[in-house]
Structure formats: C-alpha cells, structure tokens
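Here's a quick tour of how one predicted model is put together. Have a look at the sequence and the 3D view, then read on.

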Amino acid sequence: MASKHDIHPVAPAPFPVEGPGNAFFSNSRLALTILAVPLVLVVLVGLPLSLYPFVALLTALPSFAAYNVWYCHVAPPIRPQKGLPGAPLDTYMEFKDKDLAAAYGQPTAKIPIEIFFENYFEQKIDVKGDLLDVLEARHDWARFVWSWGQVSFFLTQWIPETLWHSKKQDEDQVREHYDRGDDFYEAFLGPMMVYTSGVMTTTDSRETLEEMQQNKLNMITKKINLKPGDRMLDIGCGWGTLAVHGAKQGANATGLTLAKKQAAWGMGKAAEAGVADRVNILCMDYRDLPKEKFDKITCVEMAEHVGVLRFQTFLLQVREMLEDDGVFYIQVAGLRRSWQYEDLMWGLFMAKYIFPGADASTPLNWFIEQLERAGFEIQSTETLGVHYSATIYRWYSNWLKNKDTIIDKYGVRWFRIWEYFLAYSTIVARQGSATVFSIVCHKNLNSFTRQQWVPRQKWVQG
Ligand SMILES: C[S@@+](CC[C@H](N)C(=O)[O-])C[C@H]1O[C@@H](n2cnc3c(N)ncnc32)[C@H](O)[C@@H]1O
C-alpha cells in the first residue's frame, strides 16, 4: 500500500492555486465595524451616550466574528484559480448521510471544509481514492469559510485556552495527547520517534524518514556546537531521541517532557545505546524545572505549547538557565503573515484535534521580537517548511501502511483524524501556509565570543 508516496522527495503540487486571504482584508474597516456597531445600537435603542463603552465591550467580540465571517464569503482568491479539474463534488466523495447528500448533492456544490472533515471523521462521507489526492484538488470542491462549528470552537475553546495556560490545563492537554500510546505514534513516526521536522540534504534522491531525522539531529548538534562534557537541556524532548543523540556525542543530556510514556521510552533508548549514565529524562512541567545551569539548551517544537501569553516568561526562564557563553536552539512551527483563509481553517482543525493549546505558532517576526526582548541575539534563522512537508509526507505514507493495525486498536475515527492531519499538513507545509523556523541564538552580552560563528557562515567563503 501507498507505494506511490515512496516516489517523490516532496509530494508534487498538481494544482498550485491561491485562495482568498488577507490581500484585501482591511484592519481599519474591521476596527470601524467594532466601533460603529455599538454606536448604532445606542442611537437606535435610544440609550444615553455614556453607556457606549459598555455596549462596545459587549459587542466587540460578536462584531469581530461577524466581520470575519462576512469577509471570508466575499474575499476573492489572491490570483485567478487556473488549472483545476473543474470536476463535480461526487468525483471526490460519496455522501453516506441523506441530509448531507441533500445539502451538497448538486453538481456545482462546494462543501465548507469543516463540514467535510467532521463528517469524514464520523464516516458520513467517504472519499474516492487517496485522501492526499482529494485534498490536492480541494479548491475544486471545498469552501474555506467559517462554519458554525469553527466559530463556536474559536469563541468557547480557543480564546479561553489561549488566555489561560495553567499548569493543569497544559498537563491535561499534553498528557492526554502524547500518552495515547507509543504504538499510535510509532505507526507514523517510525522507529526513531521524532515528532518534528526532519531535514533533506538533497531533492534529487528520496532520503528515508530515518535519514532525514538523523540529518536533523546532526544539524542541531552542529548548530549548537555540542562538545563532549557539555551540559545539554532539551526542553520538550518527546521520546528523548535528541537527548540520547547528544549523550552519544559525549554531552550530559537532560530531557524534559510532560508525558510519562515518552520519559520511560527515552530512558529505555538511553540504556539500549549504553549512555544511560549521561541521560536524565525528567517528567514535569517546564515551570517546575530545577534551577540549574546548562551550556546548551534546545527546544524543538515544544514552545508552541507554552502559548503566546506565557512565551516571554518562558524565554526569560531559558535565559536564566543558560550559561553566559551558552547557545540556545529553538525550532518552532510557525505561520505565514500573508495568510489565506485555508491556513486559518487548517490551524483551527490542528488546535482542536492535533495540538490543543499549542497556540504560540506565529509568523517569524513575532518569535524574533520575543527572543530579542528576552535578551537573546539571533545568530541565524532558517525556514524549513519544505523539509517539514517531506517529513510529513513520509509520516502519511507510514500511517497508511499501518491502517489496519490502527483501526483495530484505536478505531476508524482516530485513523481518519490523523490521516487528514498528515495529508493536509503535507500540502500546508509545502505551500508555505505553515512552516518551521530553526533559530540559533545566545545571550546578547558584550562578553560573548561571536567569532565562533565565523567558520559556519559558509556563504562568505565562496
Ligand atoms: C511536538 S513534541 C516535540 C518532541 C521532540 N522535541 C521531538 O523532536 O520529537 C512536544 C513536546 O513538548 C512537551 N511539552 C509540551 N508542553 C510541555 C510542558 N508544559 N512542560 C514540559 N514539556 C512539555 C511534550 O511532552 C512533548 O514531548
């Protein structure tokens, strides 16, 4: 099964079209709506003008939501959409539910993306063929508009969770997710159990997932200039693969995760590799880390879970734990600033099903601003989105190969949720909707020896 996914280094884009997005979105019109709606209400109802601020408070969020819902219905695509197959909806899917068939059965109908995926998970829709192929043609059959389910999720779950991020909330969300079962994750991550982007060294040949992850581990230890004897901390270490890799290179590695099964797995792998005496995997919240100092700190796609609200405090904590001549490597999944509506719809799906509470996924400038404010100097930053697409493409292929085993143990719903996540994320990372930033930084102190970076700034050496 899924042999066709083994052919390409990166999934090819058969219909690279642009959707509607921020090109015509006007912040000033949005602000005007938020200010004008309460004024109109006050005048129409005949309330005293002094009540305007209270009415404005009550109507701000609904006005914001209404403006956005209206805009996504009227926004034109950023470029004219040429080259799509122009096929009717039933070329791509079959409705198993009569209400859905009645609503979207006409040849020219398009289905809101959230209605599609929720009903696909419930088996009220089946797709015809491979889900990745069907999603590649999504602009033919889907509408990227807010549906009621997404508005309600955004207002009742996403906003309150983003504004809270207590230890309890993080523990519940993160543990529930990562402790689902190691076999669930192994079914797509493969034996290395690395749940972050790998790195291709070439687009000419098809590197395996394992080769790409090995490249990534080596890239990180090179970027931080890891040396034998270094005290290394990997915050959000997953199944401990980077910590064990660091220990194999002679470092004393501490890993940190909130998930019990990940910690146990990591210690098992350290023992297998004969480096258990140099690896310590802690299972606790990052806010409870003992106050120790480290020469090198890495944080590979964990900071998203910290959330926007607590991000600066988190970075100050990292700075406190880092030696003055230490290096901090942070890899974070981010989003593009010039967004399209499908980016938003994909992001809300991810927040609901895949990484709940991981709201610190932003455009690059926000991460840079946060790091600089916390007293870091950025040494380098690279955008690895296309590497992520290639990685997720391989995860998708693995997932399909393990379909029957996953369905037997976890059921069709979980299989389909992850199938959709992996297929769509292959596309989303390839086209730049979401990406991953690989950032190397250090304390911005006068005494830091910046000369150490010169040998790796290869572009000046021809
Ligand atoms: C996407 S995984 C990345 C795993 C790993 N860095 C890798 O490359 O495979 C995110 C990790 O962050 C950890 N994490 C999330 N929130 C955390 C918190 N509040 N405290 C400690 N670890 C946390 C999770 O337990 C998980 O191991």
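Some bookkeeping first: two strands count as paired if DSSP finds at least two bridges between them. Helices (H or I, at least four residues) and strands (E, at least two) are DSSP runs, numbered from the N terminus. Residues are numbered from 1 along each chain as its sequence is written. This is a predicted model, where local features need pLDDT of at least 70, side-chain atom pairs count only at pLDDT 80 or more, and totals for chains, interfaces and linings use all residues.

Let's start with the strands. The table lists the pairings, each with one bridge pair.

| Strands | Sense and bridges | A bridge pair |
|---|---|---|
| E5 and E6 | parallel, five bridges | aspartate 234 and glycine 255 |
| E5 and E8 | parallel, three bridges | leucine 233 and isoleucine 297 |
| E9 and E11 | antiparallel, eight bridges | alanine 333 and valine 436 |

Strand E5 (residues 231-235) has partners in both E6 and E8 (residues 294-300). Together with helix H11 (residues 241-248), E5 and E6 make a right-handed β-α-β unit (with the strands pointing away from the viewer, the path from the first strand over the helix to the second runs clockwise).

How well covered are these strands? Four of the five residues of E5 are buried, as are 10 of the 14 in E9 (residues 322-335). Buried here takes 20 or more other C-beta atoms within 10 Å of a residue's own, exposed takes 12 or fewer, and C-beta atoms are placed from the backbone.

Now for helix H12 (residues 260-272). Its 13 residues reach 19 Å from first C-alpha to last, close to the 18 Å expected at 1.5 Å a residue (1.5 Å times one less than the number of residues). Gln262, Ala263, Trp265, Gly266, Lys269 and Ala270 are its buried residues. They line one face of H12, because down the helix axis they fall within an arc of 165°, taken from the directions from the axis to the C-beta atoms. Lys260 and Glu272 are exposed, on the face turned away from that buried side.

Finally, the ligand. Which residues come nearest to it? Of the 20 around it, Thr196, Gly236, Gly238, Met302 and His305 do, where "around" means a C-beta atom, placed from the backbone, within 6 Å. Helix H8 (167-178) and strand E6 (252-257) are the elements giving two or more residues to this shell, and H8 gives the most, with three.
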